[in-house]
Amino acid sequence: NAYGVLAYSSSSSNSFEKSELDINNSIIRTAGIGATGLFTSIGKATNTSDSSIAVHGNSIVDTNNSSAHAIDARSQAGLAKVSVDAGGQIITRGTGSYAISAVSNQAAGGVMVTNAGTLISSLADGINAIGRNGGTTIINTGSITGGASGMYAQNSGTGVINISSDGNITGQKGYGVFARNYTSPSDVTVTQSSGIIEGNTT
(Lines give C-alpha, C1' and ligand atoms only; values in the text may rest on other atoms or scores of the structure.)
Protein backbone atom coordinates (compact mmCIF):
# COMPACT_ATOMS: atom_id res chain seq x y z
CA ASN A 1 0.00 0.00 0.00
CA ALA A 2 0.96 3.64 -0.48
CA TYR A 3 0.77 6.15 2.38
CA GLY A 4 0.77 9.90 2.74
CA VAL A 5 3.06 9.64 5.81
CA LEU A 6 4.19 6.36 7.43
CA ALA A 7 5.97 5.69 10.75
CA TYR A 8 6.48 1.98 11.34
CA SER A 9 8.38 -0.08 13.90
CA SER A 10 8.07 -3.79 13.15
CA SER A 11 10.21 -5.37 15.87
CA SER A 12 8.85 -8.69 17.17
CA SER A 13 11.20 -8.74 20.16
CA ASN A 14 10.79 -6.95 23.49
CA SER A 15 11.79 -3.33 23.06
CA PHE A 16 11.21 0.26 24.15
CA GLU A 17 10.35 1.48 20.69
CA LYS A 18 7.77 4.07 19.73
CA SER A 19 6.17 5.18 16.49
CA GLU A 20 4.83 8.74 16.38
CA LEU A 21 3.57 11.29 13.85
CA ASP A 22 2.92 14.95 14.68
CA ILE A 23 1.34 17.01 11.88
CA ASN A 24 0.83 20.76 12.24
CA ASN A 25 -0.73 23.17 9.70
CA SER A 26 -0.12 20.72 6.86
CA ILE A 27 -2.09 19.16 4.00
CA ILE A 28 -1.93 15.40 3.36
CA ARG A 29 -3.86 14.03 0.36
CA THR A 30 -3.93 10.55 -1.19
CA ALA A 31 -5.94 9.08 -4.07
CA GLY A 32 -5.06 5.38 -4.49
CA ILE A 33 -6.80 2.23 -3.24
CA GLY A 34 -5.51 1.52 0.26
CA ALA A 35 -3.57 4.79 0.30
CA THR A 36 -3.90 5.75 3.97
CA GLY A 37 -3.18 9.37 4.82
CA LEU A 38 -1.29 8.93 8.12
CA PHE A 39 -0.18 5.52 9.42
CA THR A 40 1.72 4.37 12.51
CA SER A 41 2.29 0.86 13.81
CA ILE A 42 4.44 -0.51 16.63
CA GLY A 43 5.63 -4.05 17.32
CA LYS A 44 6.20 -5.69 20.71
CA ALA A 45 6.97 -2.93 23.22
CA THR A 46 7.84 -3.76 26.83
CA ASN A 47 6.97 -0.32 28.17
CA THR A 48 4.06 2.06 27.63
CA SER A 49 5.39 3.62 24.43
CA ASP A 50 2.92 5.05 21.96
CA SER A 51 1.84 4.30 18.45
CA SER A 52 0.49 7.82 18.08
CA ILE A 53 -0.75 10.37 15.57
CA ALA A 54 -1.45 14.03 16.32
CA VAL A 55 -2.97 16.47 13.83
CA HIS A 56 -3.01 20.14 14.85
CA GLY A 57 -3.83 23.62 13.60
CA ASN A 58 -5.44 24.06 10.19
CA SER A 59 -4.23 20.72 8.89
CA ILE A 60 -6.18 18.74 6.29
CA VAL A 61 -5.93 14.96 5.86
CA ASP A 62 -7.93 13.85 2.82
CA THR A 63 -8.14 10.39 1.22
CA ASN A 64 -10.18 9.58 -1.87
CA ASN A 65 -10.40 5.83 -2.46
CA SER A 66 -11.43 2.53 -0.87
CA SER A 67 -9.67 1.03 2.19
CA ALA A 68 -7.79 4.30 2.63
CA HIS A 69 -8.24 5.56 6.19
CA ALA A 70 -7.32 9.17 6.78
CA ILE A 71 -5.66 8.27 10.11
CA ASP A 72 -4.63 4.71 11.05
CA ALA A 73 -2.76 4.02 14.32
CA ARG A 74 -2.01 0.45 15.48
CA SER A 75 -0.14 -1.59 18.07
CA GLN A 76 0.65 -5.27 17.57
CA ALA A 77 1.59 -6.67 21.00
CA GLY A 78 2.98 -5.92 24.45
CA LEU A 79 2.24 -2.74 26.42
CA ALA A 80 2.21 -0.16 23.63
CA LYS A 81 -0.62 2.37 23.67
CA VAL A 82 -2.48 3.61 20.62
CA SER A 83 -3.37 7.29 20.65
CA VAL A 84 -4.85 9.72 18.14
CA ASP A 85 -5.26 13.45 18.80
CA ALA A 86 -7.14 14.98 15.88
CA GLY A 87 -7.82 18.57 14.93
CA GLY A 88 -8.28 20.32 11.60
CA GLN A 89 -10.24 18.54 8.85
CA ILE A 90 -10.07 14.75 8.48
CA ILE A 91 -11.92 13.49 5.38
CA THR A 92 -12.34 10.14 3.61
CA ARG A 93 -14.44 9.34 0.55
CA GLY A 94 -13.96 5.62 -0.14
CA THR A 95 -15.64 2.35 0.82
CA GLY A 96 -14.22 0.97 4.06
CA SER A 97 -12.23 4.14 4.70
CA TYR A 98 -12.51 5.44 8.29
CA ALA A 99 -11.68 9.02 9.14
CA ILE A 100 -9.87 7.61 12.21
CA SER A 101 -8.94 3.97 12.77
CA ALA A 102 -7.25 3.16 16.11
CA VAL A 103 -6.60 -0.54 16.79
CA SER A 104 -4.82 -2.51 19.51
CA ASN A 105 -3.99 -6.01 18.26
CA GLN A 106 -3.41 -8.12 21.41
CA ALA A 107 -1.74 -5.21 23.20
CA ALA A 108 -2.41 -4.22 26.81
CA GLY A 109 -1.71 -0.50 26.46
CA GLY A 110 -5.17 0.66 25.49
CA VAL A 111 -6.64 2.93 22.81
CA MET A 112 -7.20 6.68 23.20
CA VAL A 113 -8.84 8.90 20.56
CA THR A 114 -9.44 12.63 20.98
CA ASN A 115 -11.16 14.73 18.33
CA ALA A 116 -11.47 18.51 18.36
CA GLY A 117 -11.78 18.97 14.61
CA THR A 118 -14.10 17.98 11.78
CA LEU A 119 -14.22 14.29 10.85
CA ILE A 120 -16.08 13.18 7.72
CA SER A 121 -16.16 9.65 6.33
CA SER A 122 -18.50 9.48 3.36
CA LEU A 123 -18.94 5.69 3.25
CA ALA A 124 -17.62 4.27 6.56
CA ASP A 125 -17.35 5.04 10.29
CA GLY A 126 -16.12 8.43 11.40
CA ILE A 127 -14.14 6.85 14.27
CA ASN A 128 -13.47 3.12 14.49
CA ALA A 129 -11.63 2.26 17.72
CA ILE A 130 -10.88 -1.32 18.79
CA GLY A 131 -9.14 -2.10 22.08
CA ARG A 132 -8.17 -5.15 24.08
CA ASN A 133 -7.15 -5.37 27.74
CA GLY A 134 -6.08 -1.74 28.04
CA GLY A 135 -9.54 -0.38 27.30
CA THR A 136 -10.87 2.16 24.79
CA THR A 137 -11.41 5.88 25.45
CA ILE A 138 -12.87 8.43 23.01
CA ILE A 139 -13.28 12.15 23.73
CA ASN A 140 -15.08 14.31 21.15
CA THR A 141 -15.35 18.08 21.26
CA GLY A 142 -15.62 18.50 17.49
CA SER A 143 -17.91 17.28 14.72
CA ILE A 144 -18.10 13.69 13.43
CA THR A 145 -20.04 12.43 10.41
CA GLY A 146 -19.88 8.81 9.33
CA GLY A 147 -21.43 7.38 6.18
CA ALA A 148 -21.95 4.26 8.32
CA SER A 149 -21.75 4.92 12.11
CA GLY A 150 -20.46 8.16 13.51
CA MET A 151 -18.45 6.40 16.21
CA TYR A 152 -17.80 2.66 16.63
CA ALA A 153 -15.98 1.49 19.77
CA GLN A 154 -15.27 -2.15 20.59
CA ASN A 155 -13.35 -3.94 23.32
CA SER A 156 -12.57 -7.65 23.25
CA GLY A 157 -10.50 -7.93 26.45
CA THR A 158 -10.86 -6.91 30.08
CA GLY A 159 -10.64 -3.14 29.57
CA VAL A 160 -13.50 -0.68 29.87
CA ILE A 161 -14.96 1.64 27.23
CA ASN A 162 -15.36 5.33 28.06
CA ILE A 163 -16.86 7.78 25.55
CA SER A 164 -17.61 11.45 26.16
CA SER A 165 -18.89 14.01 23.69
CA ASP A 166 -20.00 17.62 23.69
CA GLY A 167 -19.98 17.91 19.90
CA ASN A 168 -22.24 16.66 17.12
CA ILE A 169 -22.04 13.02 15.95
CA THR A 170 -23.96 11.65 12.95
CA GLY A 171 -24.19 8.11 11.62
CA GLN A 172 -25.86 8.42 8.23
CA LYS A 173 -26.45 4.67 7.70
CA GLY A 174 -25.65 3.28 11.13
CA TYR A 175 -25.40 4.28 14.79
CA GLY A 176 -24.56 7.70 16.06
CA VAL A 177 -22.45 5.96 18.72
CA PHE A 178 -21.94 2.19 18.98
CA ALA A 179 -20.02 0.86 22.02
CA ARG A 180 -19.68 -2.78 23.05
CA ASN A 181 -17.52 -5.03 25.21
CA TYR A 182 -17.49 -8.43 23.54
CA THR A 183 -15.67 -10.87 25.80
CA SER A 184 -15.85 -9.61 29.38
CA PRO A 185 -18.39 -7.95 31.70
CA SER A 186 -16.45 -4.66 31.79
CA ASP A 187 -18.05 -1.23 31.99
CA VAL A 188 -19.27 0.72 28.98
CA THR A 189 -19.90 4.42 29.65
CA VAL A 190 -21.17 7.02 27.16
CA THR A 191 -21.54 10.61 28.36
CA GLN A 192 -23.07 13.39 26.25
CA SER A 193 -22.79 16.86 27.80
CA SER A 194 -23.98 18.84 24.76
CA GLY A 195 -24.39 18.55 21.01
CA ILE A 196 -26.57 16.19 18.96
CA ILE A 197 -26.03 12.46 18.39
CA GLU A 198 -27.97 11.03 15.44
CA GLY A 199 -28.11 7.62 13.79
CA ASN A 200 -30.07 5.91 11.04
CA THR A 201 -30.29 2.10 11.14
CA THR A 202 -33.35 1.75 8.91
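The legends below describe close-up views of a predicted model.

**View 1. The open parallel sheet that contains strand β11.** In this predicted model, 7 strands pair in parallel to form an open sheet, and their order is β2-β5-β8-β11-β14-β17-β20. The edge strands of this sheet are β2 (19-24) and β20 (188-192), each of which pairs on one side only. When direction is ignored, neighbouring strands of this sheet are turned by 5° against each other on average. Within the sheet, β11 runs parallel to strand β14 (residues 136-140), to which 5 bridges join it, and methionine 112 stands opposite threonine 137 in β14.

**View 2. The open parallel sheet that contains strands β6 and β9.** An open sheet with parallel pairing is formed by 7 strands in the order β3-β6-β9-β12-β15-β18-β21. At the edges stand β3 (27-30) and β21 (197-198), and because each has a single partner strand, one side of each is left without a neighbour in the sheet. Strand β6 (residues 60-63) and strand β9 (residues 89-92) run parallel and are joined by 4 bridges; valine 61 stands opposite isoleucine 90 in β9.

View 3. The side chain of asparagine 115 is joined to the side chain of asparagine 140 by a polar contact of 2.9 Å. When its neighbours within four places in sequence are left aside, asparagine 115 is in contact with Ala86, Ile139, Asn140, Thr141, Gly142, Ser143 and Ile144.

**View 4. Valine 113 and the largest nonpolar core.** The largest nonpolar core has 30 residues, of which Leu38, Ile90, Val113 and Ile127 touch the most other members. Strand β8 (residues 81-86) supplies the largest share of this core, with 3 residues. For valine 113, leaving aside its neighbours within four places in sequence, the residues in contact are Val84, Ile100, Ala102, Ile127, Ala129, Thr137, Ile138 and Ile139; Ile127 in this list is also one of the core residues named above as touching the most other members.

**View 5. The stacked pair of tyrosine 152 and phenylalanine 178.** The count of aromatic pairs in the model comes to 3. One of them is formed by tyrosine 152 and phenylalanine 178, whose rings are stacked at 4.7 Å centre to centre, with 10° between the planes; planes under 30 degrees apart count as stacked. This pair links distant parts of the chain, as tyrosine 152 belongs to strand β16 (residues 151-155) and phenylalanine 178 to strand β19 (residues 177-181), 26 residues apart. Both tyrosine 152 and phenylalanine 178 are buried.

View 6. Tyrosine 175 and phenylalanine 178 form a tilted aromatic pair, with 5.2 Å centre to centre and 45° between the planes. The two residues of this pair can be set side by side by accessibility: tyrosine 175 counts as partly exposed because its relative accessibility is 43%, whereas phenylalanine 178 has a relative accessible area of 17% and is therefore buried. Through ring pairs, Tyr152, Tyr175 and Phe178 are linked into a cluster, and Phe178 takes part both in the stacked pair with Tyr152 and in the tilted pair with Tyr175.

Conventions
Residues numbered from 1 in each chain as written. Predicted model: local features only at pLDDT ≥ 70, side-chain atom pairs only at ≥ 80, totals over all residues. Heavy atoms only, no water. Polar contact = N/O pair within 3.5 Å; in protein donor to acceptor, adjacent residues only side chain to side chain. Contact = heavy atoms within 4.5 Å. Core = buried A, V, L, I, M, F, W, Y, C linked by side-chain atoms within 4.5 Å. Buried < 20%, exposed > 50% of the residue type's maximum accessible area, 1.4 Å probe, protein only. Helix = DSSP H or I, 4+ residues; strand = E, 2+ residues; numbered from the N terminus. Phe/Tyr/Trp six-rings, centres within 6.5 Å; stacked < 30°, edge-to-face > 60°. Pairing = 2+ DSSP bridges. Axes fitted to C-alpha atoms, helices over the stretch in contact; angles between N-to-C directions.
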